[in-house]
Every structure is written in C-alpha cells, then in structure tokens.
Amino acid sequence: MTTSPHPDQVRAGQAIYRPWTLPLYDLVAFRINCRFLFRVPVPEVVAMFDRNVSDEHLDVGVGTGYFLDTCRTAPRQSITLADLNEHSLRHAARRLARFDVTTVRANALEPLPLPERSFGSASLNFLLHCVPGTIREKAVVLDNVAACVRPGGRIFGATVLGKGVPVGPAARAVVPLWNWRGVMHNAEDSLDDLRAELSARFPDHRLTVHGCTALFEAEVP
C-alpha cells in the first residue's frame, strides 16, 4: 500500500528555485554538484537530450531550461514546459524565448493538464530525486508524463540515486543533509527499484549509471 506525499514535502522539493537562486543554479548544479558530488559528466546528459528530443517536446521539472538551451537537436516546432514552480517556468521560458514555448503549472505526481499522446518526446531531468516517496511511489510521475507522449515517442531523464550505485564521500556528506531539509528525497532510491519500474512500463529502455546518477531513455509503447 502506498501513501500520498504531504503537500509540504512536495513544495519543499522545489522551494529552492527562486528569482535570486536561479541565476546561480547552472553554476552550482552542473559545474559543482554534477562534477564533484554526483560525478555525472554534463555532456553525457546533453547527449541524451540530443538522442531523444523531438520537434514537439515536453519538459517536466524545468529547472533553468539549461539542457534544451544547450542541446544541438532543439525542438523545431514547440516546447511545453511543465513545473510546479512558477519562478522556474518564467526563467526557463525567457531563456528559451527563441522557440515556440508554452508553460503549464503542474504537479508531476498528478495527471498533467495536457492532451494525451500529443508530444513526440518528454524529459524529466533531475526531477525524480526531488519527488517525495519511494521509487515505487514516485514512479507515477513516469505514468503521468508518458501519458502525454505518442506511442513510439521518447521519455528520458536523469536522477540521483541513494542505493545500488557508487556514492562518493562528498555526496555521502552532503546529500543526507539535503534529504533532511526536504530539498531531495532519494535516500532510499535504488538502481534495482528504478530498473524494475522502467521495465514494468517500457519494454524498450536503456539505463546507464555515471557516479550515483542514473540516466534513463525509453520508447513509449
């Protein structure tokens, strides 16, 4: 039996995204955290976007819009940004203003207020580790996002795990504090659980590990 996360837990996972923190986010998240804590090369994540982004793309948990801004195969038709945090939505929309951008405020733990099967691809990048609950509970996010993608389309992303992956000394020192504060919710997230939830939904999928970060790519059946 699963339980729904408390609304305060959901809000805590996205509360750090503020107008005064977002300009520093790329520096902290990608030049420091990814390199020294999570040990995932940012170019690997960019390459994942290049492999999977379609002309009509949905990005859930938008951060600053860094990866859609950086990848070479950016959508040629439209980008829909979905996030619970209005500051992130505005920041990413401004950054991606050269594209046809639509923003939607939404909680990924609930069905998204978007037409079903209307996108060729969807990303949920560095989102799952911010969502409260176990991997089994938060995997509903995969269902909600995949429902918006056409059969044969792509769903992909990255998440920082707490178990079943090599967690370095720096991450072991810092990530528990972030879990305690509610910024992250990944202490019990394991590679085996993530693999099981992906396998249950997507017969054709790929899962790779870099440091304590898992990158996943799947075809929507």
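**Entry 1: surface patch**

I began with the surface and found a nonpolar patch formed by Leu24, Leu27, Val28, Ile32 and Phe36, with about 460 Å² of accessible area together. Patches are made of residues with over 30% relative accessible area and no salt bridge, nonpolar side chains (Val, Leu, Ile, Met, Phe, Trp, Tyr) being joined within 5 Å. A salt bridge here is a side-chain nitrogen of Lys or Arg within 4 Å of a carboxyl oxygen of Asp or Glu. Areas come from the Shrake-Rupley method with a 1.4 Å probe.

I noted that the model is predicted: local features need pLDDT of at least 70, side-chain atom pairs count only at pLDDT 80 or more, and totals for chains, interfaces and linings use all residues. Residues are numbered from 1 along each chain as its sequence is written, and side-chain values use heavy atoms, with hydrogens and water left out.

I placed Leu24 in helix α2 (residues 22-38). Helices are DSSP runs of H or I with at least four residues, strands are runs of E with at least two, and both are numbered from the N terminus. Leu24 is exposed, at a relative accessible area of 52%; exposed means over 50%, buried under 20%, and partly exposed in between.

**Entry 2: aromatic rings**

I searched the whole structure and got nine aromatic pairs. In one of them, the ring centres of Tyr25 and Phe30 are 5.7 Å apart and the planes stand at 90°, so I logged the pair as edge-to-face. Rings pair if their centres lie within 6.5 Å; planes under 30 degrees apart count as stacked, over 60 as edge-to-face, and the rest as tilted. Tyr25 is buried at 17%, and Phe30 is buried at 10%.

Phe49 and Phe67 have ring centres 5.4 Å apart and planes at 15°, so this pair is stacked. The pair links distant parts of the chain, with Phe49 in helix α3 (residues 42-52) and Phe67 in helix α4 (residues 66-70), 18 residues apart. Phe49 is buried at 2%, and Phe67 is buried at 6%.

I also found one aromatic cluster, formed by Tyr25, Phe30, Phe49, Tyr66, Phe67, Phe126 and Phe156.

**Entry 3: helix α9**

Which residues of helix α9 (residues 191-201) are buried? I listed Leu191, Leu194, Glu197, Leu198 and Arg201. Seen down the axis, the buried residues of α9 fall within an arc of 135° (taken from the directions from the helix axis to the C-beta atoms), so they line one face. The face turned away from that buried side carries the exposed residues Asp192 and Ala200.

Methods: Phe/Tyr/Trp six-rings, centres within 6.5 Å; stacked < 30°, edge-to-face > 60°. Buried < 20%, exposed > 50% of the residue type's maximum accessible area, 1.4 Å probe, protein only. Patch = residues over 30% accessible without salt bridge, like charges linked within 9 Å, V, L, I, M, F, W, Y side chains within 5 Å.
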